[in-house]
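Subject: Structure for you to look over

Hello,

Here is the structure I promised to pass on. Please open it alongside the notes below.

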Amino acid sequence: MRGDAEAHEFVAPGTLTAVLELLAGAPGEWTPIAGGTELMVAHAAGRLPASKLVNLWGIPGLRFIETTPESIAIGAGTTFTDIRGHAAIASDLPLLRRAAAWIGSIANQSRATLGGNLVNGSPAADSSPALLVYDAVVELISVRGRRRIPYSDFHTGYKKNVLASDELLYALHVPRRFSAHRQYLRKVGTRRAMAISKVALGATALVEDGFVRELRLAAASLAAFPARLYRTEDALCGKSIDTGSKRAARAALLAEVLPIDDIRSTAEYRRRVAANLLDEFLTELQAPEVTR
Amino acid sequence: MSANWPAIRITVNDIEREVQVPPMKRLLDVLREDLRLTGTKEGCGEGECGSCSVRMDGELVNSCLVPVLQAQGSSIETVEGLERDGVLHPLQQAFLACGGAQCGICTPGMLMAASHLLDRNPHPTMAEIREGLAGNLCRCTGFIRIFESVVAAASRPEPSTHAR
């Protein structure tokens, strides 16, 4: 069944304030739409439940990248093309840049927004593992004001998040203190272009004198939402990377992840590949750092 | 009902147009049905195949995923806008010369993706061409002739008729 354009009310208040007032006036009634790369697919197939949509695309004040010495702020309406093209992101957040480059195609990257990727909340979201291992903070906004929470607390379940019904995701704040960390991000999909992840694993690690001083691991498609792998991190923190710690980390990861069988892959494949990706990263850590 | 629809102004191939349609109508359908620009094709209708690619304010977009209200005030270029004064765009000439078009469904999208690529990167490597066209699927030519067409267009001296 084709979607019916006439079945949806779609308004463009034009400013962030006006959008927030609309949401506050009828909490839960309006569905925000930004680049449309998710909702328009559902619309075309006649599967878009929202009857009332409010436009975020082109709203001034949502599409920005601002840098301070400590962090990079990325507006929720920033596209992945914007992210790919930004010099400070390329130098300080290379994993985020890499994730942006493998989202869909050029035509998807020019429309898909960082905020949309996170609010949509797919377990396979491409930008999530990078943001998680960089300790990103999300800033939420409503007529009641603004609040910031760690991105790792944003998702609460399958396609569920902490946003109140009158709130929008406003921006991501990503610290710039990971340049001394070893960094890793790999996505495994059916093919290189246009494929949604079967599994993705990201990591940042600070290794000193052969010991893991800090470690962040995050995965996509290994649970109901993108998440840090805290128990696997615990298995490695303070340790040197050797056969024993790698084996313990693999066991911790296999005990921690909760993948499912779905149209893209199987739980068993995802578990094995996730463990192999972790092993690949840890093997990289064992090697002396090379200039990338 | 139609009286309640907003008037939406879009510049399409350098001509200002105005349509009064449901704001959730896809840009693809507005181009084809309301503006009778049927060069832009629908393939998958879900942003995977690139057949409906057009340029929106210079960026490459899938017109099947753009609700027309979001195109308000923008400048759209479709495959019909590539030709100038009866002279085909160098990419169109190269697709003809190299056998880059077969059934023709993917061709308009391939041309728009390739024009977007060459505007930003006039002399792309084969890897850059492959990435630039990765969102456009072809079921006929096997892609090689399409890539060769882009290489051929990029190797031509810039003809003055297409100076932008």
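Two residues count as being in contact when their C-beta atoms, placed from the backbone, lie within 7 Å. On that basis, take the contacts in chain A with a separation of 6 or more: 62% of them join residues 24 or more positions apart. For chain B the corresponding share is 57%. Please keep in mind that this is a predicted model.

Chain A

Chain A has 292 residues. Its secondary structure comprises 11 helices and 14 strands. The radius of gyration is 20 Å. A compact globule with 292 residues would have a value near 19 Å, so chain A agrees with that expectation. Along the principal axes, the C-alpha atoms of chain A occupy a box of roughly 60 × 45 × 30 Å. As for burial, 49% of the residues of chain A count as buried.

Chain B

Chain B has 164 residues. Five helices and five strands make up its secondary structure. In what pattern do they follow one another along the sequence of chain B? The order is β-β-α-β-β-β-α-α-α-α.

Buried residues account for 48% of chain B.

Best wishes

Technical notes. Residues are numbered from 1 along each chain as its sequence is written. Chains are lettered from A and ligands numbered from 1 in the order in which they are written. This is a predicted model: local features need pLDDT of at least 70, side-chain atom pairs count only at pLDDT 80 or more; totals for chains, interfaces and linings use all residues. Helices (H or I, at least four residues) and strands (E, at least two) are DSSP runs, numbered from the N terminus. The radius of gyration is taken over C-alpha atoms; the globule rule is 2.2 Å times the number of residues to the power 0.38. A residue is buried if 20 or more other C-beta atoms lie within 10 Å of its own, exposed if 12 or fewer, and partly exposed in between; C-beta atoms are placed from the backbone.
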